[in-house]
Amino acid sequence: MTVYQATASAPVNIACIKYWGKRDTKLILPTNSSLSVTLDQDHLRSTTTSRADPSFEKDRLWLNGEEDEIKEGGRLATCIKEVKSLRRQLEEKDASLPKISGYPVHISSHNNFPTAAGLASSASGFAALVASLAALYQLPTDASRLSLIARQGSGSACRSLFGGFVAWQMGEKADGSDSYAVQVAPREHWPDVHALICVVNDEKKGTSSTSGMQRTVETSALLQHRIAHVVPERMRAISDAIKARDFDAFARITMQDSNQFHAVCLDTDPPIFYMNDVSRAIIALIVEYNRVALANSGKLKAAYTYDAGPNAVIYAPKENIKEIVELIVKYFPQAQAFKDPFALFSGKDVQ
Ligand code: 2P0
């Protein structure tokens with residue numbers, strides 16, 4: 001008996017130009033383009049196994065060993081339906097292919113990082129889910145095509161189908177067919193840039209991204225300015241900085257965009273606060289570190305960025321990572337999390 005099963009992994013990505021706001025909440029179409037760095041496969045990732053079998057009663061999904069309901073018409077159901085429909089099209093064209101698109105699937109997904117760590121798992125989760133179903137159905141589709149499906153699971157997931165530096169082009173069409181991810185540069189193009197994740201708080205965040213961003217769309221005038229007048233130019237400038245391996249420009253744009261993302265959260269009614277006092281103290285530390293570096297060498301040494309939570313991600317050339325870790329441990333000795341090898345997840349570069 002043939003077993004139809006496949007496993008795939010996808011890493012977490014951290015945005016430098018932030019996605020915040022949807023113009024279509026069902027299709028998950030964003031109000032602006034975004035750009036991120038996909039972390040290395042061996043660090044924070046989701047691994048998903050999918051199996052199709054005629055003896056299964058219905059589609060089912062387990063997340064870290066616990067079953068999660070697949071709600072009809074929900075994001076999970078949409079992703080599964082879309083991938084099955086691509087398989088069905090193949091089967092209709094080629095009669096020799098086994099007709100497995102009609103079998104129910106069982107899907108099991110695991111994160112190799114604690115879900116409670118306050119780090120987004122929906123991006124890696126939906127990217128791994130779509131990649132594993134595509135492998136199960138042996139779809140001859142490229143990552144950009146699959147990103148159209150992962151996007152409908154969680155917007156940021158479309159970027160995790162590529163490694164390296166990845167842009168999600170917002171697109172213009174109402175059906176979403178031009179809203180997908182493309183690789184700006186592979187990891188090997190600029191291996192010197194490393195990411196250090198500082199876990200400030202591992203509790204679940206108060207305002208979910210999905211509801212928070214729609215409140216921003218409905219109430220923030222600053223978001224409209226950002227969409228029309230800020231992000232398009234930043235997308236061009238940061239893509240150029242990546243292509244030229246210009247860390248100074250990359251760092252400046254990344255920090256500016258993190259600041260503006262948190263400003264539009266504050267401009268939301270009622271306001272949304274994701275950073276806390278420790279997050280702000282880490283910003284102050286990186287600003288001072290860069291001020292001294294600029295005075296000494298004329299170059300920035302690190303860039304901070306914060307997503308929808310208080311945890312800091314610091315991008316820096318590899319040679320600076322050890323120094324940054326020492327600085328953080330020195331100024332935040334009370335934060336036990338920083339001594340956790342997971343928190344200092346770039347630890348393998350630090351030793
Ligand atoms: C990003 N974030 O670009 C931004 C920065 C959070 C802050 O993508 O509703 O979980 O599932 O599409 O993808 C978080 O949004 O939201 C996010 P949905 P998602 O990484």
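1. **The loop with Pro270.** Pro270 sits in the loop that connects helix H6 (247–266) to helix H7 (277–297). The peptide bond between Asp269 and Pro270 is cis, with omega about -10°. Helices (H or I, at least four residues) and strands (E, at least two) are DSSP runs, numbered from the N terminus.

2. **Basis of the model.** The model is predicted: local features need pLDDT of at least 70, side-chain atom pairs count only at pLDDT 80 or more, and totals for chains, interfaces and linings use all residues. Residue numbers start from 1 along each chain, as its sequence is written.

3. **Positive phi at Asn64.** Asn64 is not a glycine, yet its phi is positive, near 50°. The residue belongs to the loop between strand E7 (60–63) and strand E8 (66–68). How exposed is Asn64? Asn64 is partly exposed, because 14 other C-beta atoms lie within 10 Å. The scale is as follows: buried means 20 or more other C-beta atoms within 10 Å of the residue's own, exposed means 12 or fewer, and partly exposed is in between, with C-beta atoms placed from the backbone.

4. **Positive phi at Arg245.** Arg245, also a non-glycine residue, has a positive phi of about 50°. Its loop runs between helix H5 (221–243) and H6. Arg245 is partly exposed, as 14 other C-beta atoms fall within 10 Å.

5. Met1 is in the segment before strand E1 (4–11). Met1 counts as exposed because it has 3 C-beta neighbours inside 10 Å. Tyr103 is 102 residues away from Met1 along the chain, and their C-alpha atoms are 15 Å apart.

6. **Two domains.** The chain splits into domain 1 (4–186) and domain 2 (193–350). These bounds come from an automatic or database domain assignment. Their C-alpha centres are 26 Å apart. Domain 1 puts 27 residues into the contact and domain 2 puts in 31 residues. Two residues are in contact if their C-beta atoms, placed from the backbone, lie within 7 Å.

7. **The domain 1 side of that contact.** Which strand gives the most to the side of domain 1 that touches domain 2? E2 does, with four residues. Strand E2 (13–17), strand E5 (34–38), strand E10 (164–168) and strand E11 (181–185) each supply at least two residues of this side. By class, the side has 18 nonpolar, seven polar and two charged residues. Here Ala, Val, Leu, Ile, Met, Phe, Trp, Tyr, Cys and Pro count as nonpolar, Asp, Glu, Lys and Arg as charged, and the others, Gly among them, as polar.

8. **The four-stranded sheet.** E2, E5, E10 and E11 form an open sheet in the order E2-E5-E10-E11, with antiparallel pairing. E2 and E11 are the edge strands; each has a single partner strand, so one side of each lacks a neighbour in the sheet. On average, neighbouring strands of this sheet are turned by 35° against each other, direction ignored. Two strands pair if DSSP finds at least two bridges between them. E5 and E10 pair over five antiparallel bridges.

9. **The three-stranded sheet.** A further open sheet has three strands in the order E12-E14-E13, again antiparallel. Strand E12 (193–198) and strand E13 (303–306) are at the edges, each with a single partner strand, so one side of each has no neighbour in the sheet. The twist averages 25° from one strand to the next. E12 and strand E14 (residues 312–317) run antiparallel and are joined by six bridges. Val193 has Pro317 in E14 as its bridge partner.

10. **Helices on this sheet.** H6 packs on the sheet and touches E13 and E14; its direction makes about 30° with that of E13. Helix H8 (residues 318–331) lies across E12 and E14, at about 140° to E14. Axes are lines fitted to C-alpha atoms, for helices over the stretch in contact, and angles run from 0 to 180 degrees between N-to-C directions.

11. **The nonpolar core.** The largest nonpolar core has 93 residues; Ala127, Val130, Leu161, Ala302 and Ile314 touch the most other members. Helix H2 (residues 122–136) gives the most to this core, with ten residues. Domain 1 and domain 2 each supply at least three residues. Such a core is a set of buried Ala, Val, Leu, Ile, Met, Phe, Trp, Tyr and Cys residues joined through C-beta atoms within 7 Å. Leaving out residues up to four places away in sequence, Leu161 has contacts that include Ala10, Ala127, Leu146 and Ala181.
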